[in-house]
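Colleague: I'd like to learn how to read a chain-to-chain interface and a sheet in a model like this. Can you walk me through it?

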Amino acid sequence: MTKSDPLTTNDIDKIARLANLPLNEAQARELTEQVGVTVSYVSELQTLATDNVTETSQVTGMENVLREDEIDTTRMFSQEEALSNAKRTHNGFFVVDRVLEEK
Amino acid sequence: MLIDLPISELSEKLRSKTVTSVDIISECYDQIEAHESKLNSFITLVDRETAIAKAKAIDETIATHASPLAGIPYVMKDAYLTRGVRTTAASKILDSFIPPYSATVHRKLEEAGAILIGKMNMDAWGHGASTENTDYGPTKNPWDQERSAGGSGGGPAAAIAARFCSFGIGEDTGGSIRNPAAWNNISAMKVTYGRVSRYGAIAYASSLDTMGPTAKTAQDCAYVLETIAGVDPYDATSSPKPVPPYTKEIGASSKGKKIALPSEFFGDALDPEIKAAIMEAREVFESAGAEVTEVSLPLLEYGVPVYYILAPSETSSNLSRYDGVRYGGKRSLFTKENKRRIMTGTYALSSGYYDAYYKKAQKVRSLFISEYTKLLSQYDAILSPVTPIMPSKFGELLDDPMKNMMADLYTVTVNIVGLPSLSLPCGFGKTNLPIGMQLVGNMFSESTLFALGHTYQQKTDWHTRQPTLVSSK
């Protein structure tokens with residue numbers, strides 16, 4: 001951690017929630033320090049002037065790569081294939097955890 | 001050993017029936033049985049009977065196969081989907097995952113008649129430079145088993161150095177093909193972004209990921225790249241540019257070629273043994289008629305910060321799909337290093353910090369592109385070390401985010417810009433550990449790099465040296 005940009009365990013708890021990562025207290029403590037080290041190191045970029053620079057998100061130079069909106073049967077899964085790696089299935093469907101509470 | 005021969009020669013022998021694919025495959029499995037327990041390079045070994053059956057089928061039909069890779073054994077980093085063969089990305093999350101489809105690269109190699117013998121160890125999800133951040137135990141360096149085989153693709157590199165196979169397929173996001181190549185004394189091509197389809201490769205950071213060959217020589221890599229490169233309708237970022245005949249163009253002379261040597265790569269961070277080896281390589285290129293000039297690439301030190309914003313950001317997004325519902329295990333199974341990168345990336349993308357980190361890094365990425373474009377408009381290639389340090393001892397890079405990041409100092413900038421880079425063996429340190437160099441070229445200049453590499457390998461014999469483990473029985 002640096003003085004300029006300290007991360008707190010509260011920050012780490014918030015990021016862990018956003019990232020859907022379950023952390024125990026020891027892990028959260030360790031990550032507070034380690035992510036802090038990385039973040040303060042990458043902050044070095046702030047010293048570079050980039051006022052009139054546009055961002056680069058990809059380097060191919062290609063735009064709007066399109067294809068016909070047609071079904072490609074060679075890459076279709078059967079229902080059995082689509083479910084082949086699922087741990088919990090029921091009648092040909094994925095079983096997921098309940099997200100809605102009963103009243 | 002047969003497996004010491006170049007692909008071109010093996011292929012000729014297969015066609016003239018002086019050697020069979022069964023002979024080659026059997027030799028590889030014997031070698032694996034003798035030495036794999038010392039290295040731990042495989043996550044999944046294809047069973048011997050399956051591979052031999054494929055080899056027999058190739059031997060019977062060899063005259064009908066156009067590809068020089070027919071009957072040749074290869075391995076893949078475990079980041080590629082291989083239909084019916086377990087694929088883990090070295091993470092317990094995918095411990096029992098059997099892909100229902102294949103990566104384009106795998107499909108092309110199967111169609112060529114090459115024979116897959118294993119899925120190889122790596123840092124889980126590509127996160128690391130030492131194949132220690134894996135759920136399957138670290139891969140040991142064939143040159144010194146107390147040291148790391150590099151990463152993230154330590155498994156395929158160690159397997160080639162140990163003569164378990166002819167070639168391997170790696171994946172390079174920040175150095176994952178080149179760093180293990182350097183530490184195992186093998187050759188490898190990190191291709192131009194888009195040169196090879198990413199379809200079916202498990203994504204680390206999508207705007208940086210590239211798929212490429214690793215083998216004993218530049219020429220062998222050229223044979224493999226010729227087979228796997230090209231546009232793919234299933235990957236919209238794959239380039240429609242025609243694939244040059246790399247193996248025909250590899251004989252091009254290096255006379256008059258201009259090579260840049262940026263002074264920033266030779267600072268205090270660099271191990272003096274590596275520096276000395278690169279300076280010797282410089283003389284080899286000069287003796288071949290190339291012109292080597294010292295130049296400056298002032299942005300270099302900002303490469304690691306840009307990479308460690310962009311790559312974690314993209315990986316936090318890519319890995320968010322692993323929710324354990326449709327396939328795979330729970331998110332608590334991510335390794336410590338995975339969690340560090342997911343957390344760093346999520347932070348960099350989070351509201352209030354996005355402009356300061358992610359957007360800023362994307363802008364600096366543009367600065368890198370201009371700086372490299374300018375330099376490469378005057379030079380055919382840039383010569384530099386691959387890693388600042390010799391192969392690390394186990395534990396040295398773990399749990400120290402700074403050390404871990406600095407191992408990538410010389411490799412990550414190439415991914416940020418999208419350029420190709422050929423990694424080649426260029427010497428040994430006092431304790432008989434291998435040293436690698438890289439030649440970086442313009443977008444889609446793989447052919448030029450292969451030719452320079454081939455020239456170098458005609459004039460040197462570093463690439464023919466084998467770890468003592470290979471010759472001992």
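Colleague: Where do I start: what area is buried between chain B and chain A?

Modeller: Keep in mind that this is a predicted model. Here about 4,800 Å² is buried between chain B and chain A, and carbon and sulfur atoms give 65% of that. On chain B's side, B:Met343, B:Tyr347 and B:Lys360 supply 14% of the buried area, more than any other three residues.

Colleague: And how many residues are in contact?

Modeller: Chain B puts 61 residues in contact with 50 of chain A.

Colleague: How many salt bridges are found across the interface?

Modeller: For that you look for a side-chain nitrogen of Lys or Arg within 4 Å of a carboxyl oxygen of Asp or Glu. The rule finds 2 between chain B and chain A. B:Arg83 and A:Glu81 meet in a salt bridge, at 3.5 Å from N to O.

Colleague: Which helix gives the most to the side of chain B that touches chain A?

Modeller: That's α12(B), with 12 residues. By class, that side of chain B has 35 nonpolar, 14 polar and 12 charged residues.

Colleague: Now the sheet. What is the strand order in chain B?

Modeller: Read it across: β1-β3-β2-β6-β8-β7-β12-β13-β11-β9-β10, an open sheet of 11 strands with mixed pairing. Its edge strands, β1 and β10 of chain B, each pair on one side only. From one strand to the next, the twist averages 30°.

Colleague: How do β11 and β13 of chain B run?

Modeller: Antiparallel, joined by 4 bridges. For example, B:Pro385 has B:Met437 in β13(B) as its bridge partner.

Notes: Residues are numbered from 1 along each chain as its sequence is written. Chains are lettered from A and ligands numbered from 1 in the order in which they are written. This is a predicted model: local features need pLDDT of at least 70, side-chain atom pairs count only at pLDDT 80 or more; totals for chains, interfaces and linings use all residues. Side-chain values use heavy atoms; hydrogens and water are left out. Contact means heavy atoms within 4.5 Å. Buried area is the accessible area (1.4 Å probe) that two parts lose on being put together, summed over both. Helices (H or I, at least four residues) and strands (E, at least two) are DSSP runs, numbered from the N terminus. Ala, Val, Leu, Ile, Met, Phe, Trp, Tyr, Cys and Pro count as nonpolar, Asp, Glu, Lys and Arg as charged, and the others, Gly among them, as polar. Two strands pair if DSSP finds at least two bridges between them. Axes are lines fitted to C-alpha atoms, for helices over the stretch in contact, and angles run from 0 to 180 degrees between N-to-C directions.
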